[in-house]
Amino acid sequence: MTSVLCRHFGLKHIEIAEDIASDTFLKASEHWAINGIPDNPTAWLYTVAKNKTKDYFRHISVFESQIKEAIKPNEIEGGQNFEFSTENISDSQLAMIFAVCNPSNSTEAQICLALQILCGFSVEEIANAFLAKAETIKKRLHRARTNLRDDNFQINPLGEMEIRGRLDTVLKTLYLLFNEGYFSKTANQLIRKDLCSEAIRLTLVLTENTFTNTPDTNALLALMCFQSSRLQARTNDSGEAILFDQQDKSLWDKTLIGKGNYYLVNACHGNEVSKYHLEAGIAYWHTSSTDENKWKHILELYNQLVLTEYSPVTALNRTFAYAKVHGHEKAIIEAVNLQLTDNSAYHGLLGYLYTTIDLEVAISHYQQAVQLTKSRSEKQTLTKELNRLKEKNR
Amino acid sequence: MKEFALIFRLKDIADFKPSPEQMQERMNWLAGIAAQNKLVDKGNTLLPIPGSAKTVKPGNVVTDGPYTEIKEFISGYIVVSTENIDEAVEIAKANPIFDQVGGNIEVREVLKRD
């Protein structure tokens with residue numbers, strides 16, 4: 001799915017387009033959950049959206065004649081006032097993300113909404129990004145939309161205070177957008193470069209605006225650059241994942257690494273250390289260094305990161321770094337402590353750690369990982385390793 | 001889930017400044033708790049050095065530091081969230097100070113004042 005859908009409708013009917021788009025996605029999430037994802041999801045969405053637009057204009061003629069007065073204040077004007085000066089947010093899509101990140105909703109709900117309406121995420125993808133259940137997300141989205149409607153939602157130019165106040169949520173949205181592209185789970189594709197480049201483009205716009213060009217924004221952009229530099233090396237020709245150790249380092253994009261360094265330096269103003277700083281630091285060590293203490297530095301950063309904000313992914317990655325520094329045996333104790341037993345990556349990690357210690361335990365963990373993963377490409381990679389171990393165990 | 005404060009006590013003021021390696025080990029321990037999503041509050045260090053520590057007693061008596069009468073002194077605390085006190089004790093047992101410098105950790109359930 002692309003994030004273009006909203007822009008496709010143009011600026012004239014932005015609020016209407018947004019409603020139609022969100023309805024389309026909602027329909028998609030319902031329809032796809034039952035019937036599976038169609039061969040060409042983008043085309044499917046466009047067709048549904050087009051039909052919905054036609055329906056809308058049919059309804060509007062009734063509206064115009066009968067209840068125009070009632071809807072006028074919050075439906076028609078919003079579209080006409082849609083203009084942004086360069087001092088505000090110049091990019092139309094970014095402006096919408098800022099508009100959706102309305103503090104009348106909780107931060108999480110704002111992000112869900114932005115991901116769904118503007119980045120074209122399915123409920124499933126949002127659930128993945130938040131490591132939550134699809135049902136929870138659906139409810140959260142529904143509540144958020146009702147809230148916005150009650151709040152007389154309008155896309156008006158925002159002032160400096162509003163932009164600054166909403167920046168954190170916007171950064172988080174862009175971060176999740178990038179991650180979904182980089183670690184794509186739902187579309188049976190390992191990486192979706194379109195999402196990655198869209199996230200980078202939007203973050204870049206943020207660095208061009210005086211209000212939003214903060215250390216955090218730069219740190220996030222540095223992180224995206226470092227990660228993207230490895231995009232080419234992360235999958236083989238048939239789209240399978242290539243593990244870090246086996247990547248062809250000559251495929252790493254030096255220009256992007258250089259850009260990452262540049263933004264990381266820019267990010268180092270003031271005393272604030274955000275999670276983007278820490279993650280960019282980790283990505284820096286991954287990308288740039290053959291230093292023998294590399295993993296020590298990485299572990300240190302993961303330690304700080306997990307203290308700043310817990311997430312299962314961070315906890316698992318930290319344990320991997322821990323294994324690199326302190327060995328597999330000690331890391332197994334740390335890993336088991338995490339108790340993320342319904343997480344495929346948890347079993348993947350334990351499988352990896354046990355490979356050198358107890359093949360049978362390793363195999364059983366890899367089997368559980370294969371069962372739990374929803375991503376086809378991840379399943380392929382895990383199965384490959386599983387078969388290799390079974391061969392060895394014979 | 002219940003919350004427990006882990007209160008660290010050291011024996012010797014000289015142990016208060018850990019080496020970088022000791023610091024790293026302590027950090028690993030703390031991050032290990034956070035990685036299990038059991039760290040409620042990463043707490044703070046309580047400085048025991050002159051000028052940073054006084055004890056106020058009845059009759060406007062103020063003495064330097066906490067260490068005139070007791071040998072041990074509190075060096076800091078964290079708060080963890082666990083199923084029960086045994087689990088909190090297990091976490092405390094893994095603290096590297098026992099290997100590094102000695103001292104003890106008091107585990108106390110937190111009763112919220114609200």
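Author: Helices (H or I, at least four residues) and strands (E, at least two) are read here as DSSP runs, numbered from the N terminus. Under that reading, chain A comes to 20 helices and zero strands. This is a predicted model, in which local features need pLDDT of at least 70 and side-chain atom pairs count only at pLDDT 80 or more, while totals for chains, interfaces and linings use all residues. Residues are numbered from 1 along each chain as its sequence is written, and chains are lettered from A, with ligands numbered from 1, in the order in which they are written.

Reader: How is a helix pair described, and at what angle do α19(A) and α20(A) pack?

Author: Two packed helices are described by the angle between their axes and by the distance between those axes. The axes are lines fitted to C-alpha atoms, for helices over the stretch in contact, and the angles run from 0 to 180 degrees between N-to-C directions. Helix α19 (residues 359-372) and helix α20 (residues 376-393) of chain A pack at about 155°, with their axes 9 Å apart. Angles under 35 degrees count as roughly parallel, over 145 as roughly antiparallel, 65 to 115 as roughly perpendicular and the rest as oblique, and α19(A) and α20(A) are therefore roughly antiparallel to each other. Their crossing is left-handed, the term for a near helix turned anticlockwise from the far one by less than a right angle, clockwise being right-handed. The residues of this contact divide into nine nonpolar, three polar and five charged, where Ala, Val, Leu, Ile, Met, Phe, Trp, Tyr, Cys and Pro count as nonpolar, Asp, Glu, Lys and Arg as charged, and the others, Gly among them, as polar.

Reader: Within what distance do the axes of α11(A) and α13(A) come?

Author: The axes of helix α11 (residues 215-229) and helix α13 (residues 254-267) of chain A come within 8 Å and cross at roughly 160°, which makes α11(A) roughly antiparallel to α13(A). This crossing, too, is left-handed, and the residues of the contact divide into eleven nonpolar, five polar and one charged. S229(A), found in helix α11, is buried, with 23 other C-beta atoms within 10 Å. Leaving aside neighbours within four places in sequence, S229(A) is in contact with residues including W252(A), L256(A) and T287(A).

Reader: Turning to chain B, in what order do the four strands form the open sheet?

Author: Two strands pair if DSSP finds at least two bridges between them. The order in chain B is β2-β5-β1-β6, with antiparallel pairing, and the edge strands, each pairing on one side only, are β2 (39-45) and β6 (104-109). Neighbouring strands of this sheet are turned by 20° against each other on average, direction ignored. Strand β1 (residues 2-10) is joined to β6(B) by six bridges, and the bridge partner of F4(B) in β6(B) is E109(B).

Reader: How many residues lie between β3(B) and β4(B) in their hairpin?

Author: Three residues lie between β3(B) and β4(B), and G59(B) in the turn has a positive phi of about 75°. Four bridges join these antiparallel strands, and T55(B) stands opposite T63(B) in β4(B). Most residues other than glycine have a negative phi. N60(B), although not a glycine, has a positive phi of about 55°; N60(B) is found in the loop between β3 and β4 of chain B and is exposed, with 6 other C-beta atoms within 10 Å.

Reader: Finally, how many residues does the contact take from chain B and from chain A?

Author: Ten residues come from chain B and ten from chain A. On the side of chain B that touches chain A, helix α1 (residues 20-35) gives the most, with seven residues. The residues of that side divide into five nonpolar, four polar and one charged.

Notes
Contact = placed C-beta atoms within 7 Å. Buried ≥ 20, exposed ≤ 12 C-beta atoms within 10 Å, placed from the backbone.
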